[in-house]
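Please work through each task with the sequence and model in view before reading the solution.

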Amino acid sequence: MQLPTKTLLALLPFILQAEAFASGTGTTTRYWDCCKPSCAWPGKAELASGSNPVTTCDIKDNPLTDYNTASGCNGGGAYQCSNEAPWAVTDDLAYGFAAVNIGGGTESSWCCACYELTFTSGPVAGKRMIVQATNTGGDLAGNQFDISIPGGGVGIFNGCTQEWGAPSSGWGAQYGGISSSSSCSGFPAALQAGCNWRFDWFKGADNPTVSFKQVACPAAITAKSGCTRADDSSAPKAAGGSGGAAVASSSKSAAPVAQATPVSTPKSVESSSPVIESAAPVAESSSSVVESTAPVATPEPVEPSVPEVESTSAPAVDTPATSTAIPATPLITYSRTSSAASVTPTPAPVDDEDDACEL
């Protein structure tokens, strides 16, 4: 069937919108290295009016307003804020932050975008989590979400020893972090709730798989990060949570500050990373949905017969999501799973974000 030109033109905005927002299936890992995240640098994405890059904190966990402050992992004074830890909203919904790599996109399409993850394996199968991309990673695989969880492992770059007095290799294993909730009691008070989240709401899940879709960021998330994309308002709305009551969490957010001048410094590093296989068994989840139907009144019969009219409505268009963006990348690419960072000398400010994944 060939659609009329007017119909195609009417559908065009919906087709373009469907292509603009990513969705698919992917994997998860975890990390917490305390370094300045990549999306905290100016110029990484087109932001909404009045918004800023991701907020970072000083060594005492106080929000900074200078977005060009170098990372504490490279001799500067900017660190990952404690409020980037995940928290439970309901029994089946959580919020948090992650380093991401979405196939077909770049930093400019990922930074500060939100994604609704539905876990498809392990003890959290069926639960959902909305994460905002605050970091990226050159060594992350396509469609990988490296969830920020205190005690999740520092990888190659460790700012936690300097910021919080953590052991030289971070809390627990350098890759993967701690292995039990009892270790959380030895964390700084500001990180204990996020550490316990992994063993409570997340049920100790070890790198579960997910299906995902890009959604508009909840206000509770952007209030913590301080970052909202210019195209966020046109993203699909996320479904609400159900189940238990919301769990309160503390929040540190900086007041809106005019965005700093973008820094344009080239960056290119590829690195290999050790792969940590999940030891957690895959828990299959099944649920039955009971539908109830309300009584429907039967209409009175109508005597005159109405001639049948052929529908001319246009069929739904199913278009795969793609992401297109112009990369704007910093000087140094950090890989949380490589042995060194690659540095290209330049007089411009050093973009020293922790920029990849540890497992």
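By the rule that a disulfide is a pair of cysteine sulfur atoms within 2.5 Å, the count comes to 7 disulfides. The model is a predicted one, in which local features need pLDDT of at least 70 and side-chain atom pairs count only at pLDDT 80 or more, while totals for chains, interfaces and linings use all residues. Residues are numbered from 1 along each chain as its sequence is written, and side-chain values use heavy atoms, with hydrogens and water left out.

**Exercise 1.** Determine the handedness of the disulfide of Cys-34 and Cys-160, and state which parts of the chain the pair ties together.

*Solution.* Begin with the sulfur atoms of Cys-34 and Cys-160, which are 2.0 Å apart and form a disulfide. The torsion about their S-S bond is about 95 degrees, so the disulfide is right-handed. Cys-34 lies in the loop between strand S1 (23-31) and strand S2 (87-90), whereas Cys-160 belongs to helix H3 (residues 160-164), so the pair ties together parts that are 126 residues apart in sequence. Helices (H or I, at least four residues) and strands (E, at least two) are here DSSP runs, numbered from the N terminus. Finally, both Cys-34 and Cys-160 are buried, a term that means under 20% relative accessible area, with exposed set at over 50% and partly exposed in between (1.4 Å probe, protein chains only).

**Exercise 2.** Carry out the analysis for Cys-39 and Cys-111, starting from the link between them.

*Solution.* The sulfur atoms of Cys-39 and Cys-111 lie 2.0 Å apart in a disulfide, and with -80 degrees about the S-S bond this link is left-handed. It connects distant parts of the chain, since Cys-39 is in the loop between S1 and S2 and Cys-111 in the loop between helix H2 (107-110) and strand S4 (114-119), 72 residues apart. Cys-39 and Cys-111 are both buried.

**Exercise 3.** Where do Cys-114 and Cys-217 lie, and are they buried or exposed?

*Solution.* A disulfide joins Cys-114 to Cys-217, with an S to S distance of 2.0 Å, and its 105 degrees about the S-S bond make the link right-handed. Cys-114 is located in strand S4 and Cys-217 in the loop between strand S7 (209-215) and helix H5 (219-225), so the pair ties together parts that are 103 residues apart in sequence. As to accessibility, Cys-114 and Cys-217 are both buried.
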